[in-house]
Amino acid sequence: MPSWQDFQPFIVSGLALGGAYALSGVGIVVLYQATGVVYLAFGAVGAMGALIAWSLANAGTPGWAAWLVCVLFGGAVTLAYGMIFGPPLARRDPLVKAVATLGLTLVLFGVMDLLWTTNGGQSRAITLPTDGGGFTVGQVQVTWTQVIGLAAGIGIVVVTEVFLRHTKLGTAMRAMANDREITATLGVPVRRVEAAAWFGCGVIAGVAGLLLADLVALDATTLTFLVISSLAAALIARLRSIVVTFLAAIAIGLIHDLLTPIQSLTNYRDMTPFVLAAVALLVLPRDPVITRSREEI
Amino acid sequence: MLDTASRAAGRQRSPLRRPSTPTLVNAGVIALLLLVALLVLPQLLSLYYIDAMTQVAVYSMVTLGLGVLVGRVGLVSLGQVAVLAIGAWVAARLLFATAQPYPVILLEAGVATMVLGTLIGLPALRLRGLYLALITLMLAGALTVMLATVNFPNGGHGFFGYNGSAVHIPAIRRPSIASSDPAYFRYSVIVAALMFLLAALHIRARPGRAWAAIRQSEPAALAAGINITLYKLWAFALASFITGVAGGVMAGAVHYLYSINFPTQDSITLLAVVLMGGAYSLWGAIVAALLLQLLPALLNNWGVSADWLTILFGIGVLQVLTTAPAGLADQAPKDLARLGRLLLGRLRKLTGSVRGSQ
């Protein structure tokens, strides 16, 4: 068993990773609540945004412009998908809606593999200006990116909670989560609210893509399917509670990184999100067969 | 009166009654295709395409298993590639450890996968729809991580049979009657045909009817006295068995197995092609396998990047889900028939106008 000293740096990195997972998880939960779609292309959109930002930065574009393009790309693609495929699938099963986003995932993944071919061992990297600076807590070096990772996670939770509770648009989204038809009858512009949710989710995907590209790796496959890990946090919260999503994401990030120094478990640490999500899903109370609600399990 | 009625019923149930014409045509087509696959293809194709077609045979079983789950019962699994990996692992371990005949090993791999798949499926069946799909994705992800550490057996000792420092890795053996590539292709086609037969028998019989009822409406099936849990588990067991056997065939086909060949995302592509091929018909499984294995081989030969295929699959999924829920196997004949009718109508109109002008 490694000593306490060995664990310290992994607490920091685990919190940062958890924050980034929380960002993705909250994005998924908000969109699911507003539109009933589990957006599995979340990772692919972020990955492609990050790759575009990388290319732009390499071509000499100033950093902030490249990052802005990344974030806007996420919003634009997601909004376009929601506008094109949202209406025809609106009345279908949640499962069909989720699988359709896998279609978008495959398209984006193919395009990324085509345009940014893996060049034998030479890896790309996004360096945010916050990587260099930092401070030390005790003997642990903390970079600003790690701080941003955790702060972004906390920030998104606070902002979404406030937004959903206290703004008109947020209230409309919550109403739609309850019942789309009744909300429409009450005069809420349902399509416009949905569009806002799609765009917002896409923007979060772009930000998460940038952060994860820096914290984990800038690699199409890794980032695209990292959504599976982020989804774990959302699943633990049953795609419902934003706060639970955040806590689950932090737990996943912490456990994942804290397993790293333990020799016998280090190879299995990537199982953390899957195992936690599987356990969480399985200990959920059994759903009676007859109820067919939005939260169908 | 009653007597004649019961006699009529008896006559109807008699197994010797003359099969209907569509059934005969269907059987004829299947027999012809099998003959072509067994006798003609191995003579015609180069080794490159024979290998690709062997993979098609292997994956037709995998898509068949997923097709049964998705199309018959309405259970979406996003973890079938992990199940395939279990089958391949068990088969490889047994092939290295024992000298049993190949069919026995295939059977054992199938049964072992079935047991594991059912054990995993048992708790997962508490969930339905979206959540079931996502939990299978989670379990597949966990299994893939585990597999990357455990590795596939390569003739080493111990339970896992993996020897990381081995320089000369022995190849996984093939059955003695099918050691050459064309012979092994025939062998895998026969195994695949048997699996299709197994699935078809299930669909025709009591389980198939129960699955159809469950797919339509679980409450109605429950009210009709169908044991939903039993038949769902049955479907999981059948699909896992078929996929496990496919893993066994795959082990012999490729000779060397590596965990990186079974990534979680392949399960997603697999679902995409099954939906594109058509989950509601057994032909759809074959279409899906051709899409998944033959198309990449063709593209590779033509020097086109396989990424185009990924893009195509993505578009295909979106198209299938929005406009053609029964997939290619259903849509292509319909579209062809529509085209035929259209052409025929045009022709008639043309001849009619010609006749009218005369």
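**Ground rules.** I number residues from 1 along each chain as its sequence is written, with chains lettered from A and ligands numbered from 1 in the order in which they are written. Because this is a predicted model, local features need pLDDT of at least 70 and side-chain atom pairs count only at pLDDT 80 or more, while totals for chains, interfaces and linings use all residues.

**Overall confidence.** I looked up the scores for the complex and found an ipTM of 0.81 and a pTM of 0.83. Next came pLDDT, the predictor's confidence in each residue, from 0 to 100. Chain A has a mean of 80, with 88% of its residues at 70 or more. For chain B the mean is 81, and 89% of its residues reach 70 or more.

Where is confidence lowest in chain B? I found it in helix H1 of chain B (residues 2-13), at a mean of 49, whereas helix H10 of chain B (residues 228-254) is highest, at 89. Two residues are in contact if their C-beta atoms, placed from the backbone, lie within 7 Å. In chain A, residues 287-297 stay under 50, yet the model has 14 contacts for them beyond four places in sequence. A reminder to myself: where pLDDT is low, predicted coordinates should not be read in detail.

**Where the chains meet.** I counted 42 residues from chain A and 40 residues from chain B in the contact. Helices H3, H4, H9 and H11 of chain A each give two or more residues to the side that touches chain B. H4(A) gives the most, with 17 residues.

Methods: Helices (H or I, at least four residues) and strands (E, at least two) are DSSP runs, numbered from the N terminus.
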